[in-house]
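Have the model open in your viewer and follow along. We'll look at ring pairs, then at a helix crossing.

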Amino acid sequence: MLYFISGGYCMRFSRMLIPTMREVPSEAEAVSHKLMLRAGYVRQLAAGLYIFLPLGWRVLNKINRILKEEMESIGAQEISMPILHPAEVWQKTGRWYEIKDEMFRLKDRTERDMCLGMTHEEIMTWLASKEIRSYRHLPQIWYQIQTKLRDEARPKSGVLRTREFIMKDSYSFDIDEEGLEKNYKLHADAYHRIFKRCGLRFYQVESDPGMMGGATAHEFMAPSPAGEDEIVLCDKCGYTANVEVAHSVSPAIEDLAWEYEEVHTPQKRTVKEVSDFLNIEPAYFIKSLLVMASEGPVLVLIRGDQELHEKKLTRIVGPFRTALKDEVLSILGVEAGFIGPMGHKMRILADSSLKEGTYVTGANKVDFHIKGAKPDTHFKAEWHDLHISKAGDHCPECNTLIKIEKAIEIGNIFKLGTKYSMPLKAVFLDKEGQERPMIMGSYGIGPARIAAAAIEQNNDKDGIIWPRNIAPFDVEIIPLSINDNKTMEVLEMLYKGLTDSGIAVLIDDRDERPGVKFKDADLVGIPIQIILGEKSLKDDQVEIKRRRTKEIRKVFIENAVKEAIAFSQETE
RNA sequence: CGGGGCGUAGCGCAGCUUGGCUAGCGCACCUGCCUUGGGAGCAGGGGGUCGGAGGUUCGAAUCCUCUCGCCCCGACCA
């Protein structure tokens, strides 16, 4: 009898929880979400909370193994931190107050304020502050693969944005910027190796440090329509950045050198209305926006074909809001729609694209616009990049046409500097006996996002096509007739041979019709299928099929193990 | 948090506008026969009280009020 197989020493489809679905649950939108549900990888417990079923968990573990190997290779040490945190640590860095509803908060039985960790900078830094005394103990890199909790405003797209998720997070502690730079680079390089091993197409892009604070940050982005971010790419010079921070050069326009004149534009307020009315392209307009910043009102000028990039403006003037209609009237003396930059005393910021040229803009007089306004001649402004990059713009580095792609953020790296070490007093004594704060970096990767991105980038109409290194199994054997003796003998032989070579094998031993097994095998997406059918077996052959290409290779039984391994290894 | 959509069997849906028989269909599931190279066929069977609460009514899946949940767009996003 089939001792190995019947004895439970192998993974049998009939015994595993692999609840595949023929129909797509209606709540799923993203391709990866649909396929993870249909192929039996995950189930949803509630909004943003997912159960990883056996196949899904195997995938995460494959990814985590790669993470650990690459982390260890740069000298990072794995530790494990609590998920439940006392409020005080977060209060010391101020994030207890800065972060609002996104933090899960609770009290323990003694009414002590606690929170669930959304990240671990505070706790890691706390540890460093307790245990590291001397420059001799530095540098250190600590990492963990640990659950994070965030009360997301809008969980979405399956496991891409959830309220509870696992993250590989690491933290570096150095005596100086030079050390940080080195660890930052080590992480960037390790991340490249990790994502490559996981079979992803990805870019490293400049990013916004956001609430992490700190000066420099990069994100690792896997292009996919399911992504929430947009990235700017230049094929020629390699410039890459998140649109949140990306610079770009708006398409150049010819200077039409109009004479300065007032034109009557009755009831034409928006750029589009005036543009249509005068039959002049929007790019020849100056859009004037009044915003209220903490320093007071600020007039912001962008070109008519641009959108204001609020984050860029925030970095210059701090938090702001657009002015109300009444405020526009009382501050500028004209109603919105006819504002121009001329003759105002307040601070004026303008997008750099407006530095040259001749434009149409509001006349500061109802129903009139000015044609022929020239920067520096008719108004003065501080020049900044204030627009959102978009398709049609050019690269800020080499002026080539840029591309914009949607992408999933699969990892990020931040230079934190002393943002956490100062408030938490993570200090050490240097060679001169001087007390100095540690220079820190933090580095994250979301394993579930890697899995989802891998599916987004590798699927076809039939299902998932796992990259080899993160597939839940290496090979799926499909005996078409489980009641046929020869089939089962060959099955056991192959199973033993492959397993002895370290190949992870799933056997579809269900008493199902061949069509069902083929459909499920394609859906589940294991890279290599070995089909045992009586047609081939009568010629002492089995079929080895590559999931990605559906290419089938017939081989003799005695060569099957060797061939399958070879086939597997030449598969991406 | 703003806008929109949806909650009827495990999944996908119909029924609701215009209240009225025992709440229906496909898939899945169970039993038997049969079948076995791309989600077979026949026969029989189990499972829902219509997201929840309240109300109107002789009578509510259907009408009204409140509430909970999920999805999508936006805001937000270590």
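Searching the whole structure, which is a predicted model, turns up 10 aromatic pairs. Rings of Phe, Tyr and Trp (its six-membered ring) pair if their centres lie within 6.5 Å; planes under 30 degrees apart are stacked, over 60 edge-to-face, and the rest tilted. Take Phe52 and Trp57: their ring centres sit 6.5 Å apart with planes at 55°, so this pair is tilted. Phe52 has a relative accessible area of 24%, so it is partly exposed (buried is under 20%, exposed over 50%, partly exposed in between, with a 1.4 Å probe and protein chains only). Trp57, at 39%, is partly exposed.

Next, Tyr184 and Tyr443: with centres 6.3 Å apart and planes at 55°, that pair is tilted. Tyr184 belongs to helix α7 (residues 177-197) and Tyr443 to strand β25 (residues 439-445), so the pair ties together parts 259 residues apart in sequence. Helices (H or I, at least four residues) and strands (E, at least two) are DSSP runs, numbered from the N terminus. Both Tyr184 and Tyr443 are buried. Elsewhere, Tyr191, Phe195, Phe202 and Phe220 make up one aromatic cluster.

Now for the helices. Leu494, Gly497 and Leu498 in α12 meet Ala560, Val561, Ala564 and Ile565 in α15, where contact means heavy atoms within 4.5 Å.

A word on conventions: residues are numbered from 1 along each chain as its sequence is written, while chains are lettered from A and ligands numbered from 1 in the order written. Local features need pLDDT of at least 70, side-chain atom pairs count only at pLDDT 80 or more, and totals for chains, interfaces and linings use all residues; side-chain values use heavy atoms, leaving out hydrogens and water.
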